[in-house]
Amino acid sequence: MTYKLGLTGSIGMGKSTTAQMFRDLGHPVWDADGAVHRLYAQGGAAVAPISELVPDALKNDAIDREALKLALKTDPSLIEKLESLVHPLVAQDRADFVKRNSDSDLIILDIPLLFEKSSDHSFDGVAVVSTDADTQKARVLSRPGMSEDHFRMILSRQMPDSEKRDRADWVIPTDDLETARAAVERICKEILANA
Ligand SMILES: CC(C)(COP(=O)(O)OP(=O)(O)OC[C@H]1O[C@@H](n2cnc3c(N)ncnc32)[C@H](O)[C@@H]1O)[C@@H](O)C(=O)NCCC(=O)NCCS
Ligand SMILES: Nc1ncnc2c1ncn2[C@@H]1O[C@H](COP(=O)(O)OP(=O)(O)OP(=O)(O)O)[C@@H](O)[C@H]1O
């Protein structure tokens, strides 16, 4: 049996960094944001439908994320249409990954909107990455192309961190790398000991 561990957390809390720690231990990781990148790239299945919705977002046969963010700034209601196009394609990519890795003891599914959009029942356990709100904001705003308005829009569409922590089977503190790595190692040991 493959143990399916969901990994989630709010924007900038450290999902990708923590997902890499699971990869370093040899466990297959699927990443929802990564799937969106593939879907938006040349030849990706989201290119045609999104360019119909937002013609300006089509650049070099791919979806340009900065142009998409600009369109979202002008019309915030676009995000719902975008999600209804993208999420079914992401779900298919995830189902393919789970099938491909059915021989593994443990797989990790890194999903920003796990509690908001997926059913908790799709996972055997859920780990939430978390740090304090000031650190989160500083990390997000230090990214190129990120504005305070966009950060607020994204946060308003995510479940509050405190609620995610309450629902988690494990909380991974991402205040520093060593603490996070120790938590990742402990979680893997615990899961594999019971496998
Ligand atoms: C708005 C877009 C263009 C911004 O792209 P950008 O490269 O700046 O950010 P990136 O995709 O890496 O997302 C960063 C983080 O924002 C958060 N986020 C992204 N989309 C959403 C959303 N629809 N609702 C809530 N949070 C979101 C997540 O925490 C994610 O990890 C992009 O996020 C997008 O197309 N989103 C719609 C698809 C989606 O819902 N993706 C979420 C995972 S399936
Ligand atoms: N355990 C940690 N200790 C110190 N810094 C960290 C830790 N985890 C992540 N960071 C830093 O926080 C920032 C955000 O991390 P990361 O990109 O992994 O977050 P994310 O949750 O995947 O973000 P998003 O939701 O926007 O995709 C990065 O600059 C990263 O270096």
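Helices (H or I, at least four residues) and strands (E, at least two) are taken here as DSSP runs, numbered from the N terminus. What you are looking at is a predicted model, in which local features need pLDDT of at least 70 and side-chain atom pairs count only at pLDDT 80 or more, while totals for chains, interfaces and linings use all residues. Residues are numbered from 1 along each chain as its sequence is written, and chains are lettered from A and ligands numbered from 1 in the order in which they are written.

Let's start at M13, which sits in the loop between β1 (3-8) and α1 (15-24). M13 counts as buried because it has 25 C-beta neighbours inside 10 Å; the cut-offs are 20 or more other C-beta atoms within 10 Å for buried, 12 or fewer for exposed, and partly exposed in between, with C-beta atoms placed from the backbone. Setting aside neighbours within four places in sequence, M13 is in contact (C-beta atoms, placed from the backbone, within 7 Å) with V129, S130, T131, Q136 and T174.

According to the unreviewed UniProt entry, the annotation "binding site" covers G12, M13, G14, K15, S16 and T17. UniProt positions follow the numbering used here, feature names are shortened, and annotations may be inferred rather than shown by experiment. T17 has its place in helix α1 and counts as partly exposed because it has 13 C-beta neighbours inside 10 Å.

Now follow α1 itself. Its buried residues are K15, T18, A19, M21 and F22. Seen down the helix axis, these fall within an arc of 150°, so they line one face of α1; the arc is that of the directions from the axis to the C-beta atoms. An α-helix has 3.6 residues a turn, so residues three or four places apart point the same way. Among the elements covering the buried residues of α1 are β1, β2 (29-31), β5 (106-110) and α10 (177-193). After the helix comes G26, with a positive phi near 95°.

Next, turn to ligand 2. Of the 15 residues around ligand 2 (C-beta atom, placed from the backbone, within 6 Å), G14, K15, S16, T17 and A180 come nearest. The elements giving two or more residues to this shell are α1 and α10, and α1 gives the most, with three residues.

For a contrasting spot, look at K99 in helix α5 (residues 78-100). K99 is exposed because it has 8 other C-beta atoms within 10 Å.

How values were computed: Contact = placed C-beta atoms within 7 Å.
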